[in-house]
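Please look over the sequence and the structure below before reading on. The notes that follow take the surface of the chain to begin with, and then its helices and charged pairs.

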Amino acid sequence: MEEPEMLLKGKKVTDKFTESVYVLANEPSVALYRLQEHVRRSLPELAQHKADMQRWEEQSQGAIYTVEYACRFEDSYLALAVKSLVDSSVYFRSVEGLLKQAISIRDHMNTSAQGHSQEKPSPPTVA
């Protein structure tokens, strides 16, 4: 036999072997086995997450029910507390505005201080 003929036959054998391995590796039963492995590994953790979420939902629903029930009675402590929180939003907005204004002033002072620091060194600041 000649060498080119031997190389051609060897190439055919390796091609058929590669094709067979590829078909076996991608056979549906192998894919289903891998899927089953994945489900077995991740299912307990997913089930725990589901149980946690259900428990949190129940607790949240209970708290919502309690607040809604208490808010029906205007003289209850909880209704008064909720009303106070709602009423205090005006003050929170005012504080927020003052904080934004203070930050703006600080930034302006820092900008102007940087302009002066190029002329002469500034003394250290206490934070």
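The protein chain exposes about 12,100 Å², an area to which carbon and sulfur atoms contribute 64%, as computed by the Shrake-Rupley method with a 1.4 Å probe, where for residues only the protein chains shown count as cover. This is a predicted model, in which local features need pLDDT of at least 70 and side-chain atom pairs count only at pLDDT 80 or more, while totals for chains, interfaces and linings use all residues. Residues are numbered from 1 along each chain as its sequence is written, and side-chain values use heavy atoms, with hydrogens and water left out.

**Overall make-up**
- The protein chain holds four helices and zero strands, where helices (H or I, at least four residues) and strands (E, at least two) are DSSP runs numbered from the N terminus.
- Of its 127 residues, 5% count as buried, a word that stands for under 20% relative accessible area, with exposed meaning over 50% and partly exposed the range in between (1.4 Å probe, protein chains only).

**Helix α2**
- Helix α2 bends by about 40° at Ser-42, and Pro-44 is a proline that follows within four residues; the bend at a residue is the angle between axes fitted to the seven residues ending there and the seven starting there.
- Ser-42, Asp-52 and Ala-70 are buried in α2, and what covers the buried residues of this helix includes α3 (77–87), with contact taken as heavy atoms within 4.5 Å.
- Leu-35, which is found in helix α2 (residues 28–72), belongs to a nonpolar surface patch of about 480 Å² that is made by Leu-32, Leu-35, Val-39, Leu-43 and Leu-46.
- Such patches are made of residues with over 30% relative accessible area and no salt bridge, like charges being joined within 9 Å and nonpolar side chains (Val, Leu, Ile, Met, Phe, Trp, Tyr) within 5 Å.

**Salt bridges**
- The count comes to six salt bridges, each being a side-chain nitrogen of Lys or Arg within 4 Å of a carboxyl oxygen of Asp or Glu.
- One of them joins the side chains of Glu-5 and Lys-9 (3.7 Å, N to O), which are four residues apart in helix α1 (residues 3–25) and therefore separated by about one helical turn.
- Another links Lys-11 with Asp-15, the closest N and O atoms being 3.2 Å apart, and both residues lie in helix α1.
- An α-helix has 3.6 residues a turn, so residues three or four places apart point the same way.
- The side chains of Arg-106 and Asp-107 also meet in a salt bridge (3.0 Å, N to O).
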